[in-house]
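Colleague: Could you walk me through the ligands and pockets of this one? I have not seen it before.

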Amino acid sequence: MGLLESIDLNKLPKHVAIIMDGNGRWAKERGEDRVFGHHQGVISVREIVNACAEIGIQYLTLYAFSAENWNRPVEEVNALMELLVNTIRKEIDELDKNNVKLHIIGDFASLPAICQKELNEAMELTSKNTGLNLVLALSYSSRQEIAEAARKIAMDVAAGKLKPEDINENSFKNYLYTSEFPDPELMIRTSGEFRVSNYLLYQLAYAEFYFTNTHWPDFRKKDLIEALLNYQQRERRFGKTSEQIQTNTTQHV
Ligand code: IPE
Ligand code: IPE
Ligand code: MG
């Protein structure tokens, strides 16, 4: 039995979130420029998107550029923005053909105008698709997202559209960038760092974390399958005891 066949299709996460880390180190190890690593990383993005669509993952969120990444050297930031525009241009027809629907989360307005234009067109083109939802986190900061949600809630309360007593977990979720998506059940970070780097802090509350030393440009379909198999071996307890989970009792839910 191949790796792919060992995946239990009834126990797939609906939503996988990835921190694609290690492009710079991957390039340095080869005596290349960091930007070369970002270019190679796009090949992994393509393969992982296709693999998720094939396996039947419904949502894939990729951390492509954090709000903090604006602090990198300007040449690297420019190269990343250029790569984003070129990649969307090159890949969008194939994504559309594969029934992928593109979404963006993050501070969209802070992206260069050309990126916004390209992304808007790509989202429009794929808006009716019903396959994999591909969510790109761009200029994304989870704390900013939560603070923005608080501000929007305050504005709705001030405008009389929302009562303070109606603010709860369910209504709060509607103010996040991710309001239309289920929470990720699995979060993968490549390149051996054990941190969340301001990524989906609210949404990852009960996600399983999977860390691998593999740098992002080397992370391919077989690595994704290994992560999924690892996830499927975990017992998700949500505060209950292992015995409760195993006997499938429903008391005190
Ligand atoms: C991830 O790789 C890509 C982005 C953050 C845009 P890095 O560029 O962070 O690579 P390392 O961590 O420096 O190796
Ligand atoms: C997180 O990676 C952001 C992305 C993958 C886009 P970083 O490499 O920027 O994270 P830190 O700064 O090392 O935590
Ligand atoms: Mg990094």
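Modeller: I would begin with ligand 1, which has an oxygen atom 2.9 Å from a polar backbone atom of Gly 24. That is a polar contact, meaning a pair of N or O atoms within 3.5 Å; within protein, one must be able to donate a hydrogen and the other to accept it, and residues adjacent in sequence count only if both atoms are side-chain atoms. This is a predicted model, in which local features need pLDDT of at least 70, side-chain atom pairs count only at pLDDT 80 or more, and totals for chains, interfaces and linings use all residues. Residues are numbered from 1 along each chain as its sequence is written, chains are lettered from A and ligands numbered from 1 in the order in which they are written, and side-chain values use heavy atoms, with hydrogens and water left out.

Colleague: Which side chain has an N or O atom 2.7 Å from an oxygen atom of ligand 1?

Modeller: That side chain belongs to Arg 72. The backbone of Asn 23 also takes part, with a polar atom 3.2 Å from an oxygen atom of ligand 1. The protein buries 86% of the 380 Å² that ligand 1 exposes when taken alone, with areas from the Shrake-Rupley method and a 1.4 Å probe (for residues, only the protein chains shown count as cover).

Colleague: What else is around ligand 1?

Modeller: The residues around it include Met 20, Asp 21, Arg 34, His 38 and Leu 80, where a residue counts if one of its heavy atoms lies within 4 Å. Helix H1 provides the largest share of this shell, three residues. Helices here (H or I, at least four residues) and strands (E, at least two) are DSSP runs, numbered from the N terminus.

Colleague: Which polar side-chain atoms lie 2.6 Å and 2.9 Å from its oxygen atoms?

Modeller: Ser 197 has one at 2.6 Å from an oxygen atom of ligand 2, and Asn 69 has one at 2.9 Å. An N or O atom in the side chain of Arg 189 is 3.3 Å from an oxygen atom of ligand 2. On its own, ligand 2 has 390 Å² of accessible area, and the protein covers 77% of that.

Colleague: How much space does the largest pocket hold?

Modeller: About 910 Å³. Of its 39 lining residues, those closest to the centre are Met 20, Asn 23, Tyr 63, Ala 64 and Phe 65. Helix H3 (74-97) is among the elements that supply at least two lining residues, and its nine residues are the largest share.

Colleague: What volume does the second largest pocket have?

Modeller: About 320 Å³. Its 16 lining residues include Glu 169 and Tyr 202, which are among the closest to its centre.

How values were computed. 1 Å grid on protein atoms, 1.4 Å probe; cavity = no way out; pocket = protein on both sides within 12 Å on 5 of 7 lines; lining within 4 Å. Points joined across faces, edges and corners; volume = space filled by probe spheres on them.
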